[in-house]
Amino acid sequence: LASQWSCGVCTYIQPSANSTCTMCGSKRSNSAKPVTVAPEPQDKFKVPCHVCTFINDLRSMPKSSTYRCEICGETLKVPTNDKELRTSRSAASSSTPTTGNS
């Protein structure tokens, strides 16, 4: 568990050492209360963006050598040696319904 603080303007959770919000640039107010964030249960298909904190679901992304955040476009830190992850993503992308007349 890490001690952090929540921005009073955008609510983005900051490391305790930050004096300004990395998301919106607002200065930390004296009334900012520390928060303690417990890690969420691990789902290897859900990868948080280290920039904007959006939780990306890899099952909904096309197979690629570089995975990018759906919101900000930052490169995601994804384990590339996980066979189950590659297989499930391939299955999800190949089961996308097609449109048009057959």
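In which loop is the place of Thr-53? Thr-53 sits in the loop between β4 (46-48) and β5 (55-57), where strands (E, at least two residues) and helices (H or I, at least four residues) are DSSP runs numbered from the N terminus. The views below come from a predicted model, in which local features need pLDDT of at least 70 and side-chain atom pairs count only at pLDDT 80 or more, while totals for chains, interfaces and linings use all residues. Residues are numbered from 1 along each chain as its sequence is written, and side-chain values use heavy atoms, with hydrogens and water left out.

**View 1. The whole chain, with its elements and confidence.** The mean pLDDT (the predictor's confidence in each residue, from 0 to 100) is 74 for the chain, and 68% of the residues score at least 70. Among the elements, β5 has the highest mean pLDDT (88), whereas helix α1 (residues 83-94) has the lowest (49). Over residues 88-99 the pLDDT stays under 50, and for this stretch the model has 10 contacts beyond four places in sequence, a contact meaning heavy atoms within 4.5 Å.

View 2. The largest nonpolar core has nine residues, namely Val-47, Cys-49, Cys-52, Leu-58, Met-61, Tyr-67, Cys-69, Leu-76 and Val-78. A second, separate core has five residues, among them Trp-5, Cys-7, Tyr-12 and Cys-21. Such a core is a set of buried Ala, Val, Leu, Ile, Met, Phe, Trp, Tyr and Cys residues joined through side-chain atoms within 4.5 Å; buried means under 20% relative accessible area, exposed over 50%, and partly exposed in between (1.4 Å probe, protein chains only). Across the chain of 102 residues, buried residues make up 22%.

**View 3. Gln-14 and Asn-18.** Gln-14, in strand β2, is buried with a relative accessible area of 0%, and Asn-18 lies in the loop between β2 (13-15) and β3 (34-37). Their side chains make a polar contact (3.3 Å), a term for a pair of N or O atoms within 3.5 Å of which, within protein, one must be able to donate a hydrogen and the other to accept it, residues adjacent in sequence counting only if both atoms are side-chain atoms. Leaving aside neighbours within four places in sequence, Asn-18 is in contact with Trp-5 and Arg-28, while Gln-14 touches Gln-4, Trp-5, Cys-7, Thr-20, Cys-21, Thr-22 and Met-23, with residues up to four places away likewise not counted.

**View 4. Two threonines with positive phi.** Thr-11, in the loop between β1 (2-6) and β2, has a positive phi of about 70° although it is not a glycine, and it is exposed, with a relative accessible area of 55%. Thr-53 also has a positive phi of about 70° without being a glycine, but counts as partly exposed at 41% relative accessibility. Most residues other than glycine have a negative phi.

**View 5. The salt bridge between Arg-59 and Asp-57.** The structure holds one salt bridge, defined as a side-chain nitrogen of Lys or Arg within 4 Å of a carboxyl oxygen of Asp or Glu. Arg-59 forms it with Asp-57, the closest N and O atoms being 3.0 Å apart. Both partners are partly exposed, Arg-59 with a relative accessible area of 32% and Asp-57 with 23%.
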